[in-house]
Amino acid sequence: MIEPLGIQHVKAVTGLHCQTLTGLLSQLGKPAVEAFYTGCLRSNRAVALVYLVDAKVRGFVLGSMRPDLLKRDVLRKNVVGTLSSIAIGVASRPSSLISLIESFRGNDEKAFDARTPELIYLATAPESRGAGVGNKLVKAFDERMRVAGAGVYELSVDEDNVTAITFYERLGFHFMGHYREFGIPHRRYRMVIH
């Protein structure tokens, strides 16, 4: 069953995010991830869905019509939680400070417009992979974005994540180009919503 992200799902989504996704937020650790999703719940800019089996989160998707404004909203809606968790993350992983500073500048090569509707995160529990969870979440996300007025949305994938690249291409995402962020090569994709 797919339903909107709720406060009761945040801990499970946090754990799944940290277990399966890479990037700055994961580097900052569980407190930062939890603060981010708590802030998303408080923002009307987040499109967040969970896939449940027997009331357990087996996957989730998060995106936004304006991801640039969502990031600001998350901070404004959860200032104390976000800033304190970032401080904890940087203290425990000092190398994340450089990436954090770079995140305020944007991606290294300015390969895409940060105001474009975007699927930011998609994760499926390892034990649920191959069962269609990701596919169903993407289709539900497509519908939410279409209803919100988006004709297209984009996403990024680490260049070395062949499984995700194959998955998105099989679903009909169109390759747009390469870019680097935090020194890591990424591929950018676009989905035209029908």
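Let me begin with a term: a residue is called buried under 20% relative accessible area, exposed over 50%, and partly exposed in between. Glu-34, with a relative accessible area of 27%, is therefore partly exposed. I will come back to that residue. What you see above is a predicted model.

First, the overall picture. The protein has 194 residues, and 47% of them count as buried. It contains eight helices and seven strands. The accessible surface is about 9,900 Å², and carbon and sulfur atoms account for 56% of that. If we take contacts between residues at least 6 apart in sequence, 70% of them join residues at least 24 apart.

Which residues have the most contacts inside the largest nonpolar core? They are Phe-36, Tyr-37, Phe-60, Leu-62 and Tyr-121, in a core of 25 residues. At least two residues of this core come from each of H1, H2, H3, E2, E3, E4 and helix H4, which spans 67-77. Helix H3 gives the most, with five residues. To take one member, Phe-36 touches Leu-25, Leu-62, Val-74 and Tyr-121, leaving aside residues up to four places away in sequence. Apart from this core lies another, of 24 residues, including Val-47, Val-138, Ala-150 and Tyr-153.

Now helix H1, residues 10-20. An α-helix has 3.6 residues a turn, so residues three or four places apart point the same way. In H1 the buried residues are Val-10, Val-13, Thr-14, Leu-16 and His-17.

Side chains of opposite charge can pair when their charged atoms come close. In the whole structure, a search finds ten salt bridges. I will go through three of them and then a network.

The pair with Glu-34 comes up here. Its partner in the salt bridge is Lys-11, and the closest N and O atoms are 3.0 Å apart. Glu-34 lies in helix H3 and Lys-11 in helix H1, so the bridge ties together parts 23 residues apart in sequence. Is Lys-11 buried or exposed? Lys-11 counts as exposed, at 61% relative accessibility.

In the second pair, the side chains of Arg-58 and Glu-127 meet in a salt bridge, at 3.0 Å from N to O. Arg-58 sits in strand E3, while Glu-127 is in the loop between E4 and helix H7 (133-148), so this pair ties together parts that are 69 residues apart in sequence. Glu-127 is exposed, with a relative accessible area of 55%.

As for accessibility, Glu-169 is partly exposed, with a relative accessible area of 38%, whereas Arg-187 is buried, at 14%.

Last, the network. Which residues are linked in a network of salt bridges? They are Glu-118, Glu-154, Arg-188 and Arg-190.

Notes:
Residues numbered from 1 in each chain as written. Predicted model: local features only at pLDDT ≥ 70, side-chain atom pairs only at ≥ 80, totals over all residues. Heavy atoms only, no water. Buried < 20%, exposed > 50% of the residue type's maximum accessible area, 1.4 Å probe, protein only. Helix = DSSP H or I, 4+ residues; strand = E, 2+ residues; numbered from the N terminus. Contact = heavy atoms within 4.5 Å. Areas by Shrake-Rupley, 256 points an atom, 1.4 Å probe, with all protein chains shown as cover. Core = buried A, V, L, I, M, F, W, Y, C linked by side-chain atoms within 4.5 Å. Salt bridge = Lys/Arg side-chain N within 4 Å of Asp/Glu carboxyl O.
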